[in-house]
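Walk through this fold with the coordinates open.

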Amino acid sequence: MTRLELKNHQVWRDLTEILEKLNTNILVQEHLQACDYQVCGYWDEQDEYYETITLPLDLNPQLVSSSIGITHKERFLQLKFFLFSPIIEPKQTPNNHNHKIGELVLIYNENLEFVDENWLLDIDSPMLIIR
C-alpha cells in the first residue's frame, strides 16, 4: 500500500513559492485605491447598516494569512489582512502606535483576477468616518 504524505508533495513547494513571490502589499493597496478607501453598504455584526464607511488614507494593511481553495469547478486564492491605522497622540510628535480598525479578506481567481472581498470593521474606531 502506498502512503501519500502531502507535506512532502511538490504542490506544497509550488504553492509556497507562488505565495512568497506574490506582492500582497501591492494587491491590497490597489484594492483600497480602487474602492477609494470606502466601504459601501456595510452590515455590522449587529445587523446595523452603514451606507458609507471611509477608511483613513494612511492605512497600514498587514497580511495575516493566505490560503488556496479548490471547489469542484473553481480554484482561488484568499488573502486575509489586518488593517491598522497610525495613532497620533495629541502632542506635536507623531507616535508609532497602530490601532487595528478591522480586517479585509480578498479573493482572487486562478488568473489572479479579483473575485470578492469581505470586510470586518471596528465601527467604534475614531479612525473611521461613518455615514
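Strands β1 (38-43) and β2 (49-54) run antiparallel and are joined by five bridges. Helices (H or I, at least four residues) and strands (E, at least two) are DSSP runs, numbered from the N terminus. This is a predicted model, in which local features need pLDDT of at least 70 and side-chain atom pairs pLDDT 80 or more, while totals for chains, interfaces and linings use all residues. Residues are numbered from 1 along each chain as its sequence is written, and side-chain values use heavy atoms, with hydrogens and water left out.

Which residue of β2 is the bridge partner of Tyr42? The partner is Tyr50. The pair β1 and β2 belongs to an open, antiparallel sheet of three strands, ordered β1-β2-β7. Two strands pair if DSSP finds at least two bridges between them. β1 and β7 (129-130) stand at the edges with a single partner strand each, so one side of each has no neighbour in the sheet.

Now take the other sheet. Four strands make up this open sheet, in the order β3-β4-β5-β6, with antiparallel pairing. Here β3 and β6 are the edge strands, each with a single partner, so one side of each is left without a neighbour in the sheet. Direction ignored, neighbouring strands are turned by 20 degrees against each other on average. Axes are lines fitted to C-alpha atoms, for helices over the stretch in contact, and angles run from 0 to 180 degrees between N-to-C directions. β4 and β5 are antiparallel and joined by 11 bridges. Phe81 stands opposite Leu104 in β5. Helix α2 packs on this sheet, touching β3, β4, β5 and β6, and its direction makes about 95 degrees with that of β5. Contact means heavy atoms within 4.5 Å.

Look at α2 (residues 24-34) itself. Its buried residues are Thr24, Leu27, Val28, His31 and Leu32. Buried means under 20% relative accessible area, exposed over 50%, and partly exposed in between (1.4 Å probe, protein chains only). Seen down the helix axis, these buried residues fall within an arc of 130 degrees, so they line one face of α2. The arc is that of the directions from the helix axis to the C-beta atoms. Exposed Gln33 and Ala34 sit on the face turned away from the buried side. Among the elements covering the buried residues are β3 (60-70), β4 (75-86), β5 (98-109) and β6 (114-121). At the N-terminal end, Asn23 caps the helix, with a side-chain oxygen 3.2 Å from the backbone nitrogen of Asn25.

Next, the core. The largest nonpolar core has 23 residues, and those with the most contacts inside it are Tyr42, Ile53, Leu55, Leu83, Trp119 and Leu121. Such a core is a set of buried Ala, Val, Leu, Ile, Met, Phe, Trp, Tyr and Cys residues joined through side-chain atoms within 4.5 Å. Elements giving two or more residues to this core are α2, β1, β2, β4, β5 and β6. Tyr42 touches residues including Ile53, Trp119 and Leu121, with residues up to four places away in sequence not counted.

Finally, check the backbone. Most residues other than glycine have a negative phi. Asp36, which follows α2, has a positive phi near 55 degrees. Tyr37 also has a positive phi, about 55 degrees. Tyr37 lies in the loop between α2 and β1 and is buried, with a relative accessible area of 10%. Asp47 has a phi near 60 degrees. Its loop joins β1 and β2, and Asp47 is exposed at 61% relative accessible area.

Conventions:
A polar contact is a pair of N or O atoms within 3.5 Å; within protein, one must be able to donate a hydrogen and the other to accept it, and residues adjacent in sequence count only if both atoms are side-chain atoms.
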